[in-house]
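Subject: Structure handover

Hi,

Here is the structure I promised to pass on. My notes on what turned up follow below it.

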Amino acid sequence: MQAIIPFPNISPEIFSISIFGAKFALRWYAMAYIVGLLLGWWIAVRAVKKPALWAGDTPPMTPKQVEDLLTWVILGVILGGRLGIVLFYNPSYYFANPSEILKIWQGGMAFHGGLLGVVVATFLYCRGLGLNMIKTADMMALATPAGLFLGRIANFINGELWGRPTDVPWAVIFPAYGPTDPVLVCGDVLSDMCARHPSQLYEAALEGLILGAVLLYLAFRAAKLKTPGFVAGVFFAGYAIGRFIVEFFRQPDAQFQTFENPLGLAVHLNGYGLTMGQVLTLPMFLLGVFLIWRATRQTA
């Protein structure tokens, strides 16, 4: 008999209250965003308070500006993450049902869209104040893995973004929340007892713990913030590599097997052995390699 790990009996809601018949709940997913943003802010403030870490002994901004930037980042994460789901993954559905776009608690948000939102928000903020964008990118890269780690842990608690069917000893049987959930499909057999890779935990380890530890070492021990763009490059390339690997163990969502872009052109990915997550990481990897090359070339 296959060894499996029981799915932990943790409610997706931390607590809920009812006010005048309306239910308000704090979910682990929301808490992950809140704590992740605060941890990122704390790490960024620590870094800018140490001028000796930076090129020319000059941080990209002051601690007060980091705090102001946090508001822009929150907007970028929410708006970009939601638009990423709408435009990258299922545009035909959302264009036909525009009222569903604002329901971020249904369908979630896409990391790549959130990343683009943060990039745009940070660019506008830096441009308005005349701040160094490359140094700021290093600071933002350093602050991001904590949120990625907590977000993937929340995905696991929610029982979403399951892994592919497997017989490894650490496989998990995720609960099914509806009759059409892909978790019910195990190979060619319709079953609610399908052991799967805990791919959320793989991502938490690669994108959060390992990548975060590497970036913190580069910034606070290896003096790589003195090479503008290097830390940001490692983040982009490192995330892309980690996500590309995990996609081999992560179950692609049924509606995302074929990418339909906003122009209505369908790109069938499975024939090339790629998932949407892998396709979206390729530009990130190339950007990361370019930033690392550019940073080392300028200091050579």
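Start with Arg-152, which counts as buried at 9% relative accessibility. Please keep in mind that this is a predicted model. The side chain of Arg-152 meets that of Glu-207 in a salt bridge, 3.4 Å from N to O. Arg-152 sits in helix 6 and Glu-207 in helix 7, so the pair ties together parts that are 55 residues apart in sequence. Glu-207 is buried too, at 1% relative accessibility.

Next comes Glu-203. Its salt-bridge partner is Arg-250, with the closest N and O atoms 2.9 Å apart. Glu-203 belongs to helix 7, while Arg-250 is in the loop between helix 8 and strand 7 (258-260), so this pair ties together parts that are 47 residues apart in sequence. Both ends are buried: Glu-203 has 1% relative accessibility, and Arg-250 has 9%.

Arg-250 also has a salt bridge to Glu-247, at 3.8 Å from N to O. Glu-247 is buried, like Arg-250.

Helix 6 (residues 145-158) has another residue to look at, Asn-158. Is Asn-158 buried or exposed? Its relative accessible area is 8%, and buried means under 20%, so Asn-158 is buried. Its side chain makes a polar contact of 3.3 Å with the side chain of Glu-160.

Now the overall picture. The protein chain has nine helices and eight strands. Of its 300 residues, 42% are buried. Take the contacts between residues at least 6 apart in sequence: 69% of them join residues at least 24 apart. The accessible surface comes to about 15800 Å². Carbon and sulfur atoms account for 69% of that surface.

The largest nonpolar core has 40 residues. Met-139, Leu-215 and Phe-235 have the most contacts inside it. Which elements give two or more residues to this core? They are helix 1 (28-48), helix 2 (63-89), helix 4 (111-129), helix 5 (133-143), helix 7 (199-220), helix 8 and helix 9. Helix 8 gives the most, with eight residues. A second, separate core has five residues, including Phe-7, Phe-156, Val-172 and Phe-174.

Met-139 is worth a click in the viewer. Leaving out residues up to four places away in sequence, Met-139 touches Ala-44, Val-48, Trp-54, Pro-60, Met-61, Val-66 and Leu-69.

Last, the outside. Ile-241, Ile-245, Phe-248, Phe-249, Phe-285, Leu-286 and Val-289 form a nonpolar patch on the surface. Together these residues have about 620 Å² of accessible area. Helix 8 (230-246) and helix 9 (276-299) each supply at least two residues of the patch. Helix 9 provides the largest share, three residues. Ile-241 is in helix 8. With a relative accessible area of 43%, Ile-241 is partly exposed.

Best wishes

How values were computed
Residues numbered from 1 in each chain as written. Predicted model: local features only at pLDDT ≥ 70, side-chain atom pairs only at ≥ 80, totals over all residues. Heavy atoms only, no water. Patch = residues over 30% accessible without salt bridge, like charges linked within 9 Å, V, L, I, M, F, W, Y side chains within 5 Å. Areas by Shrake-Rupley, 256 points an atom, 1.4 Å probe, with all protein chains shown as cover. Salt bridge = Lys/Arg side-chain N within 4 Å of Asp/Glu carboxyl O. Helix = DSSP H or I, 4+ residues; strand = E, 2+ residues; numbered from the N terminus. Buried < 20%, exposed > 50% of the residue type's maximum accessible area, 1.4 Å probe, protein only. Contact = heavy atoms within 4.5 Å. Core = buried A, V, L, I, M, F, W, Y, C linked by side-chain atoms within 4.5 Å. Polar contact = N/O pair within 3.5 Å; in protein donor to acceptor, adjacent residues only side chain to side chain.
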